[in-house]
Amino acid sequence: MSSLPLPVFLVLALILFCIGLFGALTKRNAVIVLISIELMLNAVNINLVAFSKYGPNPGITGQIFSLFTITVAAAEAAVGLAILFALYRNRRTVNVNEMDQLKR
Amino acid sequence: MNEILLSILVFSPLLAVVVLAFTPSNQEQSLKWIGLFGTLLPLVLAIITFCQFDIGSSAIQLNEKINWISFTIAHTDSNVTMPIQYELGVNGLSLVLILLTSVVAVLAAIGSFTIKGQWKSYFIFFLLMEVGMLGVFASQNLFLFFIFFEMTLIPMFFLIGRWGYENKEKAAYSFLIYNGLGSAILLIVFVVLFMKTGTLNYGELANIFANGGSGLLDSVPGETFRLSILIALLLAFGVKLPIVPLHTWMLRVHVEAPPPVVMIHSGILLKIGAYGLITFGMGFFPAEFKRIAFSIAILGVVNLLYGAFIAIVQTDVKKVLAYSSVSHMGIVLIGLAALNDAGVQGAIFQVVSHGLISALLFFLVGVLYERTGTSYLKAYSGFVKTMPLASGVLVAAGLASLGLPGMSGFISELMSFLGLFQTKPIVAAVGTLGIILTAVYMLRAVMAITYGPLSAERGKLVDLNVREMVPAYVLLALIIAIGVYPDMLGMTIKSTLDSILSGFGG
Amino acid sequence: MMQYAWLIPLMPLLSFILLLLLGKKLKEASAYVGIWLTAVPLVMSFIVFFGQWGGESYKAEGTWLTIGHAVITFGIEINPLNSLMLVIVSLVSFLVHLYSKGYMNGDERVPVFFAYLGLFTFAMLGLVMSPNLLQLYMFWELVGLGSFLLIGYYYFKPEARQAAKKAFIMTRIGDVGLFIGMILLFWQVGSFEFDDIFKAVASHEMTHAMITLTAILIFVGAIGKSGQLPLHTWLPDAMEGPTPVSALIHAATMVAAGVYLVATMYPLFAASTAALTTVAVVGGVTAIFAASIGLMQKDIKRVLAYSTVSQLGYMMLALGSGGYVAGVFHLTTHAFFKALLFLAAGSVIHAVHTQDIEKMGGLYRKLKRTGPLFLIGALAISGFPLLSGFFSKDQILAATYEDGRFGLFWLAIIAAFFTAFYMFRLFFMVFTGEFRGAAKEVHESPGVMTFPMIVLGILAVLAGYVNTSWFGTFLSDYLGKGEVAPLASNHEPIWISVVATLVSLLGIFMAYLIYKKGSLSRDWLSRHLPSLSSVVYNKYYIDEVYHAVIVRGVRAFSYGWSLIDRYIVEGIVNGAVALVHWLAKLGSKCQNGQVQTYGAVAFVGLVLLLLIFAVSGGYFS
Amino acid sequence: MELETIRSYDWGIMAPELIILGAATILSLADLLMPKKASRRYLAIFAFLGVACALVALFMQLDNGVISILADTYRFDSFSKAFKLLFLIGTGLILLLAFDDRKGERDEYRGEFYYLLLTALLGAMMMASSADMITLFVGLELLSLSSYIMAGLRKRDRQSNEAAFKYVVNGGISTAITLFGMSYIFGLTGETNLYAIQNALGDPTILQNQFLLVFAFLITFVGLSFKIATVPFQMWAPDVYHGAPIPVTAFLSVVSKAAGFVIMIRFLLVTFIAAPGVAEKPLLQEVQPYLAILAGASMIIGNLIALRQRNIKRMFAYSSIAQAGYILVPFAVISGLMFEAVWFYLLAYLFMNIGVFAIIQLVTAKSGSTDISSFAGLYRRSPWIAVCMTIFVLSLAGFPATAGFIGKFGIFMSALSTGAHYWLAGIMIATTVVSYFYYFNVIGQMFFRSEEEAGKVSIPGGVLTVTAVCVISTLVLGILPHTALEFFYNQFDLSQFFTPTK
């Protein structure tokens, strides 16, 4: 079985991470922002799994780590959405730009 | 008793603080009297301390030492413990300053009777500040010194900011920021010394820098290191002293703070700068001090002339006196820069003498302000007529300030210049211009107040009352006593002076 | 007796303290306290003086201050010169106290006046008894204080305030010279003691340049105190003080302290020709300069003041020309006749309530005692033969001539002419002709005022006989007893006396022609040489020049500095504070409330860190 | 894993965590089962008792040596003991504070706050005790997630919502960044156990990927700096502190921040201690300038922007950024004094900052505004409160006779102990002086201004206790610091920190 070399996975993860970051920092819609963060966390997962398989010191703990990451990411998304709901109820908006009552 | 005499002395004002805290704040008279008695206690103790002190010995006396804090530094091989002790002790110089502090504090407390309102907190702050001042002079450990040093800062901030005049808050803030900067530099210096030598005891530090070798020291710290520490000290105490151009805060304080507070400030707090320069700058780094002595002499002359020139054109008597303080502190620097018996002794005399004279002058300005509600020279004239006693004392104080023989100011001026003429005659000669200028601005201010025609609306001024006479006469008596028989003070500081100067090899 | 000599200055000090404390209660009786407490020192001074006449010098000292290994002492010394000064000072002081009792009658601040007089007398007596330079300097300043307080006695008059301030500051300028000279001597000699200094001078421990420098610096002090050029302007202004004060301080004693200083330090001066020349030139120029101003003044006291300046110049000239005895001799005689003149002038002022000689005239008839006494004084100062001034002035001229300073000698001759002229101008305008004043009743002063004048009058006539080449040179012998005083010869050529006498008679005659007979017009000079006359009348505009250049200059400089202090020194600080606040504002602007900005900042920060590390760590290289 | 193994573990050492876990569980159940109208305030007492029990349990174990269980993922050592102590004390005080916080909210949601606080505490404690990247991460997230919710606890309050949302978004990004860094550390070593990583990084083979290693370090560091709110991840802090309820703000600024330092020290120091850098120097020495710059920037930014704040909560948010910058100094210049300096300062900071927020809560509740002017004339109205506030503020500003001074002194000692960090000490001291402006502005309001509204501020019991404890501790630690320092030296042997369990 021919296998892709490690750098390919790492670059993929990096790109994914950057896309996620870009989304999180530019999108107006709060939901998309939250999803972009998920994307960043998933990039990490790719890293972890790739390292645990093809890394210089492969090991199973990486995959276990990624399991925890997935779980925590889910929890985070849930909390994030819950907070967004509360916000939406009060403000009737999911536009990130409008959330600037607190500043300076 | 002797083992803890100094501690009792330093913390004695706290007794009155406790009593004050439980006195209802509307009992004006009792609050004032408690405050006054709170300052009398340290005075009594200071006199007891003086009696216990052996003038002939140059050693630190009445020592107290308790282990206080110890920091442990984890090193790769073994842990190093760096202890900080609670150490008190006095030598001739600090004893004199403690006496000065306790005397001026009592008189300022008497002067504080005219303070408007909130006597309770006023006297609490006042007494806390006295603890700080006494502590500064009694401590034998830099850490402790710093704590007491800062302890004078906070009460002073409140005293200026709450009981001052129109721009009191600005004055309080600029006091705080400048002195904060000064003490910040001081803190760094102390920590650096601590990390280099492992001790903060004055004697041990002096010993280490003189002879080298100690627990933590790999080698005697280099020349550059010593020099930069000394310059940092000069900067830190230069704010306090103040040295031009670090003086602007002090003008504001002198103008805005209530008179008794200025008495303390100008009389004692400024002197901490000189005390620090002598004890630390000269005590620890004699060789380096010698190297920068010329610059210090220049700074001294600049201070002297700068203050004097500007004082000539001031329209507010408080400002005249403030610039006069700048000018007079120049004489301290001049004396220190001379690096000989005469000069350093002159500087110490100037510290004491200016403490008394400026306390007296500001007390009188307070008296005038209280009666007239202004401190502008233009608003004054011919007060001899209605206030002969106050005017007489004012003229006397002014003359003392300009260095009239027979009063303390002359002795210090003479000795400082005597000292500097031996080592740096040209600089000293330039400095003597200050003697003339001092006469010019002092007479201008004093005579504008006392002499001249009396305007009609000032016809009902009341002369000094008994309560005001006490500070005025006591201070004047001390000024004249030192001026007539200076060896009284000279003997007390002689041994200390010798030990300081032994660092310069002579 | 000598061991009690230290009590002499303490008596007036006691008077000062008593009157300060009890003056309010004593009121008019204060005068008696002052008089008695100067009478005692007077008696003691005479005892000391005559004790000294036969005995040795006396010195007693105690430790005053220790500076390192040098011990500075405080004590008294009695030697020929200062025992003579003691007598002069205590005598004049006593007489002035007495006179003031009458003169100040009715003034509500009499206790204060006598207190100040006591303080001054104390300081002056202390000054002459000082065994060392430092102590002398201290009392030197204290007599300045006494003078300052008494000039400003009429505190409510702005002119008096101004004059007092001016006196203090001008003399202080000179004092700084003395101060520096004293300190330099200390480091050369290691002591302030006169004896040590003279020993060092004699043993050539000091370089010649240093001797000259210190001598000149000390002379600067004398210039200030004795009102010599260019620091003379305070002395005429000092006439704002009460007239007895002018007599005591600004004629007889304090202003003579400068001469006394030079005399005391004479061995130092004698060791340097340059220093002596300086003293002589300054003295000579001052003598003629002040005399010329005296010609045109209209205020009776100012004429006398300029006369004093001029006479002090004479004394300096004498000292500078090696005429030690002549200088001291003239100091003595001058003390008596000038005090007399001032007291007489005071008596006149007391009678007519003005000082303007244009408003006087014909008083000789009304003031039966003052008039003749004034005439005696005027004759004495003019050098009328056989009066005291004649002898002393004669010796000065002789000393100058012998020293080979011919230019100065002729200046002194001209000054002598001027002196005679202006004194008699004064006499004729005040005492002869018609009364031009407004006062209706003019009374002679009471006995308490005339008595001192009579005493002084007698002395003004007789004091000259203590040192003449005809009867005996008592004074020279006496002063020569102390080893410090080098002797000047008394064998002057006779023609000098003749010329001097002729010149002063000519001066008197000219004054007579102009002011009594009116043969010559009074405004001859102002008509023919208007510019010169106005220059002289305005005292060569020296006050104006000082005011324009020095006073204004210092004030402008100060003002400039205070602007720098306010705008630049404080400006930098304010600028720093403003910068901090500006940065804070900038920072808080970035905090724009946008959550994504926050994330972006963190991300950019991270990228920057990584980039910097990569570049500096050499990743790209 | 065998049951046998599980049973063989010394579970007793987890007693504090277990007690907190139990308390949180019971509280959540109780809150669920209680009738809607019933007051939840008394749940606070229960939570407080839980914390107290945990504290007692911790004290009972002080003498234990290093014990690690659960396959070395949970590690009980001096470090964890020392910092758990801080967390527990801090949380206890905040619970007392919350007990009296009545502002605006209906009672029914109060229960949530108490058990979320306990779970957050649990997360922090786990972080202090973790010896494995995975548990460390889980602890961190437990703390974070609980804090997100707590920040938004006031559901009807727009500011609270917004604060929570900002917190969650920035928190998410920081988590991702941290994890990204961690994934590389894992990748380079193949281990998740900290001591195993330490071992692997000490191996010379790592030198091939030295750049990647430093990158990983910096990325992780920046990610973690979110928790301690220092540059560059500091900007969320003012908004969140401003919007969150005051007890939550206090928690975030004290306990959560302390936890951030714990994870930073534990994770970065243990793993990278032996790692080689790009040049000859060890990695930790090589990144020192970067950490020092970040610390310096935090002090500058925090203290500068605080100058312009009128809102007292925001002001202390910026102040806490600066304070975090101070605490970062010993970490940045790693010296033999690091642990005690950080620990002591955090202890001092805990008391003074909770004290400050206690009084802010009192005063702003009275005036209904968080503007600084609500402090005007406080001295006339309630002198004792003003005096206490003054003591706290002076301590934060670092004046002697307060805990803050000794803390700062320790930081200076560590900054100046090993060579040339004068500039960092210089920045610290200069910004400290700048900070006088705003700290003393508060004092000025209290003492110099006249009161705008009359009325004494009354102190309820809980806040009174908190204030009293904080004032006494601040002063005692300032005047007799050896009480704490000797306790620290005697009880905590930090040489255990770097060596794996035998």
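Predicted model: local features only at pLDDT ≥ 70, side-chain atom pairs only at ≥ 80, totals over all residues.
In which kind of crossing, left-handed or right-handed, does H13(B) pass H16(B)? Residues are numbered from 1 along each chain as its sequence is written, and chains are lettered from A and ligands numbered from 1 in the order in which they are written.

In chain B, the axes of helix H13 (residues 317–338) and helix H16 (residues 408–423) come within 8 Å and cross at roughly 40 degrees. Helices here are DSSP runs of H or I with at least four residues, strands are runs of E with at least two, and both are numbered from the N terminus; axes are lines fitted to C-alpha atoms, for helices over the stretch in contact, with angles from 0 to 180 degrees between N-to-C directions. H13(B) and H16(B) are therefore oblique to each other, since angles under 35 degrees count as roughly parallel, over 145 as roughly antiparallel, 65 to 115 as roughly perpendicular and the rest as oblique. H13(B) passes H16(B) in a left-handed crossing, a term for a near helix turned anticlockwise from the far one by less than a right angle.

Turning to chain C, one finds 26 helices and four strands, and its C-alpha atoms fill a box of roughly 115 × 60 × 55 Å along the principal axes. Of the 621 residues of chain C, 58% count as buried, a word used when 20 or more other C-beta atoms, placed from the backbone, lie within 10 Å of a residue's own.

The largest nonpolar core has 702 residues, of which B:Leu364, C:Val262, C:Ala412 and D:Leu117 touch the most other members. Such a core is a set of buried Ala, Val, Leu, Ile, Met, Phe, Trp, Tyr and Cys residues joined through C-beta atoms within 7 Å. Leaving aside its neighbours within four places in sequence, C:Ala412 is in contact (C-beta atoms, placed from the backbone, within 7 Å) with residues including C:Gly284, C:Tyr314 and C:Leu397.

Finally, where chains D and A meet, 38 residues of chain D are in contact with 37 residues of chain A. On the chain D side, H7(D) gives the largest share, 20 residues.

Technical notes. Contact = placed C-beta atoms within 7 Å. Buried ≥ 20, exposed ≤ 12 C-beta atoms within 10 Å, placed from the backbone.
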